[in-house]
Structures are given as structure tokens and as C-alpha cells.
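Colleague: I am new to this structure and would like to learn how to read its features one at a time. Could we look at it together?

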Amino acid sequence: MQPTATVLVYSDDSNTREQVRLATGRRPAPDAPLVEFLECATQAAVVKELDRGGIDVCVFDGEAAPMGAWGCAAR
């Protein structure tokens, strides 16, 4: 079984989330694990998923509304 990394992608814009997924791909480098994406469109969903645990990397949209990356990260 291959190792995987869970990447949480936060943006209120589904196109932005899609662009992050497409730019990253399923394996961003030959020596990197496979990536599983978890998408969140609200700050509340981000907090819920982070509280669950198991997230390896977060990608936050700085222009998300009503709360961008800095506000979301500070919570």
C-alpha cells in the first residue's frame, strides 16, 4: 500500500479549489506520496476538518470571503 498525504484546500470559489487540485496533481513529485484532496468552502468546514485530524497540508485562499487565509489560520 502506497503512502498518501491529505491536502485540505480552502476557498469559497470552486474554480480556485479545482485549479489547486489540477496544479498539484495526484503525485506532485516522484518521491512524494499520492495526494488525497479534501475541499472546504467555508471557515467553519475548515475548523471541523482540522479538529478531526489527519490533515498533512493546508492550502488556504487569501481572497476567500468572508474570511481569507490569514483570518482562517488565526482561528
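Colleague: Is Arg 52 buried or exposed, and what is its relative accessible area?

Modeller: Before the answer, a word on the ground rules: this is a predicted model, in which local features need pLDDT of at least 70 and side-chain atom pairs count only at pLDDT 80 or more, while totals for chains, interfaces and linings use all residues. Residues are numbered from 1 along each chain as its sequence is written, and side-chain values use heavy atoms, with hydrogens and water left out. As for the term, buried means under 20% relative accessible area, exposed over 50%, and partly exposed in between, with a 1.4 Å probe and protein chains only. Arg 52 is exposed, with a relative accessible area of 56%.

Colleague: Which residues of helix α2 are buried, and which exposed residues does the face turned away from them carry?

Modeller: Helices (H or I, at least four residues) and strands (E, at least two) are DSSP runs, numbered from the N terminus. Helix α2 covers residues 43-52, and Gln 43, Val 46 and Glu 49 are buried in it. Seen down the axis of α2, these buried residues fall within an arc of 125 degrees, so they line one face of the helix; the arc is that of the directions from the helix axis to the C-beta atoms. The face turned away from the buried side carries the exposed residues Ala 44, Lys 48, Asp 51 and Arg 52. Leu 50 is also found in α2 and is partly exposed at 39% relative accessible area. Just after the helix, Gly 53 takes a positive phi of about 90 degrees.

Colleague: How many salt bridges are there, by the rule you use?

Modeller: A salt bridge is a side-chain nitrogen of Lys or Arg within 4 Å of a carboxyl oxygen of Asp or Glu, and by this rule the count comes to 3. One of them joins Arg 52 to Glu 49, with the closest N and O atoms 3.6 Å apart. Both residues lie in helix α2, 3 residues apart, about one turn of the helix, and whereas Arg 52 is exposed, Glu 49 is buried, with a relative accessible area of 16%.

Colleague: Which residues are linked in a network of salt bridges?

Modeller: The network links Arg 17, Arg 21 and Glu 39. Glu 39 forms a salt bridge with Arg 17, where the closest N and O atoms are 2.8 Å apart. This pair links distant parts of the chain, with Glu 39 in strand β2 (residues 34-40) and Arg 17 in helix α1 (residues 14-24), 22 residues apart. The side chains of Glu 39 and Arg 21 also meet in a salt bridge, at 2.5 Å from N to O. Because Glu 39 lies in strand β2 and Arg 21 in helix α1, that pair ties together parts that are 18 residues apart in sequence. As to accessibility, Arg 17 counts as buried at 11%, while Glu 39 is partly exposed at 35% and Arg 21 is partly exposed at 27%.

Colleague: In what order do the strands stand in the sheet, and in which sense do they pair, parallel or antiparallel?

Modeller: Strands of a sheet pair through backbone hydrogen bonds, either parallel or antiparallel. Two strands are taken to pair if DSSP finds at least two bridges between them. Here 3 strands form an open sheet in the order β2-β1-β3, and the pairing is parallel. β2 and β3 (57-60) stand at the edges, each with a single partner strand, so one side of each is left without a neighbour in the sheet. Strand β1 (residues 4-10) and β2 pair over 7 bridges, with Thr 4 opposite Leu 34 and Ala 5 opposite Val 35.

Colleague: How many disulfides does the structure hold?

Modeller: A disulfide is a pair of cysteine sulfur atoms within 2.5 Å, and the structure holds 0 of them. Cys 40 is buried, with a relative accessible area of 2%, whereas Cys 58 is partly exposed at 36%.
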